[in-house]
Amino acid sequence: DMVDFIKSYGEDDFINNYETYQRLVDDYGQEVVNEFMEDYDIENFEDMYQGQYESGAEFAEQICQDCGYISNNMPSWIEIDWEKTWENALSYDYTLIGEGYIFNANY
């Protein structure tokens, strides 16, 4: 693992970040950590990570529920287009990486 890390990211990153990298891989998985490191600083991973979802639409629905925007009293006949909510609003503030991993893009 260490040799692969050095080949991919170099000796300086190995010296400065390998312990963090290994801990994140143990906690979240190698795939998501490697994909994150292609565009972002590994030190920001946990602050930016929002979770894994089937789609941006699923994340949109979850964040609206978590923020209290969806009432339990809402009639069942009301339909919300979660895909458009993701595309037209949330995708500017959040990034979808790999297999449904969502990160806050404004960190």
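**Figure 1. Buried residues of helix α5 in the predicted model.** In this predicted model, helix α5 spans residues 56-66, and its buried residues are G56, A57, F59, A60, I63 and C64. Around the helix axis they cover an arc of only 160°, which puts them on the same side of α5. An α-helix has 3.6 residues a turn, so residues three or four places apart point the same way. Among the elements that cover the buried residues of α5 are strands β1, β2 and β3, together with helix α6 (82-88).

**Figure 2. The two cysteines C64 and C67.** Which of the two is buried, and which is partly exposed? C64 is buried, with a relative accessible area of 15%. C67 is partly exposed, its relative accessible area being 46%. A search of the whole structure finds 0 disulfides. The cysteine sulfur closest to that of C64 belongs to C67 and lies 6.9 Å away, too far for a bond. A disulfide would need the two sulfur atoms to be within 2.5 Å. C67 is likewise in no disulfide.

**Figure 3. The sheet of three strands.** The sheet is open, has 3 strands in the order β1-β3-β2, and pairs them antiparallel. Strands β1 (49-52) and β2 stand at the edges; each has a single partner strand, so one side of each is left without a neighbour in the sheet. From one strand to the next, the twist averages 20°. Between β1 and β3 there are 3 bridges. Within this view, G51 stands opposite I102 in β3.

Figure 4. Strand β2 (residues 94-97) and strand β3 (residues 101-104) run antiparallel and are joined by 4 bridges. L96 has I102 in β3 as its bridge partner, and I97 has Y101 in β3. How many residues lie between the strands of this hairpin? There are 3 residues between the strands, and G98 takes a positive phi near 60°.

**Figure 5. Helix α3 against the sheet.** Helix α3 lies across β2 and β3 and runs at about 40° to β3. Its buried residues are V32, V33, F36 and M37. They cover an arc of only 130° around the axis, which puts them on the same side of α3. Leaving aside neighbours within four places in sequence, V32 is in contact with F45, Y101 and F103.

**Figure 6. The nonpolar cores.** In soluble globular proteins, nonpolar side chains tend to be buried together. The largest nonpolar core here has 14 residues. Which residues have the most contacts inside this core? They are Y21, V32, V33, F36, I42, F45 and F103. The elements that give two or more residues to this core are helices α2 (11-28), α3 (30-37) and α4 (45-48) and strand β3. A second, separate core has 11 residues, including A57, A60, C64 and L90. Of these, A57, A60 and C64 are also among the buried residues of α5.

**Figure 7. The protein chain as a whole, for orientation.** The protein chain has 6 helices and 3 strands. From the N terminus on, its elements run α-α-α-α-β-α-α-β-β. Of the 107 residues of the protein chain, 28% count as buried. Among contacts in the protein chain with a separation of 6 or more, 45% come from residues 24 or more positions apart.

How values were computed: Residues are numbered from 1 along each chain as its sequence is written. This is a predicted model: local features need pLDDT of at least 70, side-chain atom pairs count only at pLDDT 80 or more; totals for chains, interfaces and linings use all residues. Side-chain values use heavy atoms; hydrogens and water are left out. Buried means under 20% relative accessible area, exposed over 50%, partly exposed in between (1.4 Å probe, protein chains only). Two strands pair if DSSP finds at least two bridges between them. A nonpolar core is a set of buried Ala, Val, Leu, Ile, Met, Phe, Trp, Tyr and Cys residues joined through side-chain atoms within 4.5 Å. Contact means heavy atoms within 4.5 Å. Axes are lines fitted to C-alpha atoms, for helices over the stretch in contact, and angles run from 0 to 180 degrees between N-to-C directions. The arc is that of the directions from the helix axis to the C-beta atoms.
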